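Please walk me through this structure.

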Amino acid sequence: MRYLASLAAGAALLCATGAQAKAPRFAATITRTTYGIPHIRAANWSGLGYGVAYAYTQDNLCMLAEEFATVAGDRSRWFGPKGTATLGFDRIDNLSSDVFFRSIVDLPALRTGFVKASPATQALVRGYVAGYNKALRDLGPQGVPVACRGSGWVRPIALDDMLRLTEKQMLLASSLALAPMVVFATPPGTAQASLAPSEDPLRPRDIGFGSNGWAFGSEVTANKRGMLVGNPHFPWNGPSRFYEMHLTVPGKYDVMGVTLAGGPIVTLGFNKDVAWTHTVTAAQHFTVFQLKLDPADPTAYLVDGKSEKMRRMSVSVPMPDGAAPVVRTTYATRYGPLIANPLAGFAWNKTTAFTLRDANHNNQRALDTWLAIGQAKNVGEVRAAVERTLGIPWVNTITADRFGAALHADVTAVPNVSTAKVKDCATPQSAAFTGRLVLLDGSRSACDWDKAPGTAVAGLMPARDQAVLERRDYVANSNDSYWLSNAKVPAIVRSPILGTAETTRTLRTRSGLLEIERRLSGTDGLPGTQIDHARAEAMAFANKSLAAELAVDPLLALCRGQDDLKAACTALAGWDRRYDLDSRGAYLFYAFWDAVKAPQWAVPFDKADAVHTPRDLMTSGAQGEKLLAALRAAVARLGKEGIALDARWGDVQFAERGEDHIPIHGAAGTLGVLNVQQSEVVAGGIVPKHGTSYIQVVGFDAAGPVADALLSYSLSTDPASPYYADQTRAFSVKKWHRLPFTPAQIAADGGTKTVRIAE
């Protein structure tokens, strides 16, 4: 009997072992609801990443496959060296893009760093690789969207592809805009030195990446719980588009929100207790070092009087059709890569060169940070995650919880450079870059970043020296610095590397703080003085222009007696001073303000009243003539573009979806419009290229989150997809979508069909 029992036990063990062997390594279920939003559920982290990649690839395969080719430095091979790609904020030729990625991405270091990440993050990323490849196999050659069908760059991926893509995302609003400066950095007198940049990437401009984030606490909300308004302004095209999803690992993670291309986790969204958003911070995440070159060798530099040889890297870029590869040489120092652009003030000559150090280079802490935020139960746990890891790359974190707390944390991977160091290590050229970047003396080792105990990486500024504000009324940020996230409590002045303080705020920042002030005082025309979903949504889509509020009446006064401007002034007088679809005359003011450039104000900036100053447009003398000239230029522009002076805004600004023109509300942030749309001119009007993307208003009731949201440009980039334009049409008419979060809500929102994938 003992023998038979042992035999039975052994057989049971063999059966169990066999069952385990047959269990899939990766498995997930995907349920889609209204607008195709995927609700992805898995038993473990690898399954979750697997499901995210599968769903994302279904909706955006061509865009993601092209991005993998970009970060691999293979654009020249597939798209030709003279073609262009968007890198950071600008277009760049494919050859330069390839040289940049092949020289900057340090795969050995990324591989080493990856195995130090949490087991959950490693599993998510490995699952993403498997899910992407699974989607490719399931689509088959004929299932690939027409836009990239048969293209050699649509291929299976490996872990290295994900590591490269993550590195690019970490540098995105950090030093990626300086990529051409890395490529053009060559010693004087060499053949490569004949390569010359065509523009200054540091020139003042609206770069497009931005956002508004408001968190309201129990003192001002109708139900005494927290409420969040998140309105990121990101590109409408390309891999920096957001992707909407709901991810669940039972008992570990249940989060809804968005991510960027290649992201295996929600980076902006909500769970049952906490909602958060991000805004691009004003902090600088890199510094430039001015080098003193060795007089005997322009590829060597002096540190504390001793000569150090630059590191050379020979970069070979494959060309189309088997042509010989193009070989370029890049250079690096102890700080990082050499950069050069005479137009920006960075010339490599026989005595001087410049080099770059970025705090987000090889930053592999971000996914662990976002994982911890998604699991947070209150604002305090969000703050702890951000401060502990210093893994958030280049964005503020604004959050609210069900318990009524609100938080703004401008805590990121930022160089540990104090106010004293900025001053003591300045070079004669440093003042020219004030407010744009920090330039330090690279000839002194003491001018490198300070090392503080307890930071995740040596040289990063500890969280205690960065800016955090927790409140029970509100916090807000619209890409200005940490200094004024609540108008009642300006922050103490910190290192200039964190942004400017006690200086004029942008019109968009002022507009946001004014709207909050008016709401809480009951002077905004809406009933009551508290915040709830309806009022928050009305504020977000009010489309008011602070520039118009400040400038239209003085401009109309100037119009008297200007017979040639009579029609223009009549159009402006009839304008409602908003950028709603039915607003008439809005484009005329849009063109006028663009022509004004730098208005003069009678009441100057006052740091004690930063929300309401400067104000009172100067209209006398030369300033008045300047304004009238700008209005005449605007009239001429509209005439050239064939647009009526009193044109309806929805007929001027539209999204192109196939043959359809979908009218779009909102306008440029420089107009003091919160619902930002940064657009470019096309035949018959303008189309958004950056602006309101995923906008969410999240509150809480006794059961969980209550979230209304829209993804302005829709979920899919494939014109054949049913999710290519559906949310864009809803956004056009301000039709908010109540997001389904619980199983019952998902079922009620059309989530009755579930697809299971496994391997």
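**A covered helix and its charged pairs**

Start with a charged pair inside one helix. Asp161 and Arg164 are 3 residues apart in helix α7, so about one helical turn separates them. Helices here are DSSP runs of H or I with at least four residues, strands are runs of E with at least two, and both are numbered from the N terminus. The two side chains form a salt bridge, with 3.4 Å between the closest N and O atoms. A salt bridge means a side-chain nitrogen of Lys or Arg within 4 Å of a carboxyl oxygen of Asp or Glu.

Both partners are covered. Asp161 is buried at 5% relative accessible area. Arg164 is buried too, at 17%. Buried means under 20% relative accessible area, exposed means over 50%, and partly exposed lies in between (1.4 Å probe, protein chains only).

A word on the model. It is predicted: local features need pLDDT of at least 70, side-chain atom pairs count only at pLDDT 80 or more, and totals for chains, interfaces and linings use all residues. Residues are numbered from 1 along each chain as its sequence is written, and side-chain values use heavy atoms, with hydrogens and water left out.

Now return to the charges. The salt-bridge count comes to 37. One of these pairs is Arg334 with Glu308, whose closest N and O atoms are 2.4 Å apart. Arg334 sits in the loop between β15 (326-332) and β16 (338-339), and Glu308 sits in strand β13 (residues 306-309), so the pair ties together parts 26 residues apart in sequence. Arg334 is partly exposed, with a relative accessible area of 42%. Glu308 is partly exposed as well, at 22%.

Asp441 and Arg444 form another salt bridge, with the closest N and O atoms 3.3 Å apart. Arg444 is partly exposed at 34%.

Finish with a linked group. Glu515, Arg518, Lys544 and Glu549 are joined in a network of salt bridges.
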